[in-house]
Amino acid sequence: MSMLTLGVDDLARAVSFYRDGLGLPQLDSPPSVAFFTLNGTWLGLFNRASLAEDVGVPVGEKAAFPGFTIAHNLDSEQAVDAMMADAIAAGATEIKKPQKVFWGGYSGYFSDPDGYLWEIAHNPFVWIGPDPS
């Protein structure tokens, strides 16, 4: 996957959350969209109604559970705790406090200001992310 685009209700709020709150590096972007580079993948933010129009679907209602989560894997439990704290300070809602989980790792969930569910995780068995070399 090269890019994930989220339809957001308030672009300025979403940019502030991801850039200022989570510290993601923002790329130069036109005023109607925002792009962030994530070490091999991009995150795009675009107005929800405009994104629906581009796709050719009705905007519709936000579902309580959209059927997917976005996961970000980090190299330690402490890094998970720190990113969760940063997300909450930036306006996220904690959904599941970071904790040891059934598969042997450590993870928690938050909802961003537009309701997207993020898992912040540490997998002690395998690195899930770009090749660090």
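Does H122 count as buried or exposed, and at what relative accessibility? In this predicted model, H122 has a relative accessibility of 15% and therefore counts as buried, the cut-off being under 20%. The residue lies in strand β8, and its side chain reaches the backbone nitrogen of S76 at 3.4 Å. Across from H122, in the pairing of the strands, stands Y106. These details are a handy place to start, and the wider picture follows.

The protein contains three helices and eight strands. Followed along the sequence, these elements come in the pattern β-α-β-β-β-α-β-α-β-β-β. With a radius of gyration of 15 Å, close to the 14 Å that the globule rule gives for 133 residues, the protein is as compact as a globular protein of that length. Along the principal axes, its C-alpha atoms fill a box of roughly 40 × 35 × 25 Å. Of the 133 residues, 36% are buried.

The mean pLDDT of the protein is 88, and 92% of the residues reach 70 or more. Among the elements, helix α3 (residues 77-89) has the highest mean pLDDT, at 97, while helix α2 (residues 48-55) has the lowest, at 81. Where pLDDT is low, the predicted coordinates should not be read in detail.

Attention now turns to helix α1, which spans residues 11-21. At its start, a side-chain oxygen of D10 comes to within 3.2 Å of the backbone nitrogen of A12. Just after the helix, G23 adopts a positive phi of about 75°. The buried residues of α1 are L11, A14, V15, F17, Y18 and G21.

A pair of aromatic rings is described by the distance of the centres and the angle of the planes. In total, six aromatic pairs are counted. The rings of F17 and Y18 have centres 4.9 Å apart and planes at 90°, so this pair is edge-to-face. Y18 also pairs with F36: the ring centres are 6.3 Å apart and the planes stand at 50°, so this pair is tilted. Because Y18 lies in helix α1 and F36 in strand β3 (residues 33-37), the contact ties together parts that are 18 residues apart in sequence. Both Y18 and F36 are buried. One aromatic cluster is formed by F17, Y18, F36, F110 and W118.

Methods: Residues numbered from 1 in each chain as written. Predicted model: local features only at pLDDT ≥ 70, side-chain atom pairs only at ≥ 80, totals over all residues. Heavy atoms only, no water. Buried < 20%, exposed > 50% of the residue type's maximum accessible area, 1.4 Å probe, protein only. Helix = DSSP H or I, 4+ residues; strand = E, 2+ residues; numbered from the N terminus. Polar contact = N/O pair within 3.5 Å; in protein donor to acceptor, adjacent residues only side chain to side chain. Pairing = 2+ DSSP bridges. Phe/Tyr/Trp six-rings, centres within 6.5 Å; stacked < 30°, edge-to-face > 60°. pLDDT = per-residue confidence, 0-100. Rg over C-alpha atoms; globule rule 2.2 N^0.38 Å.
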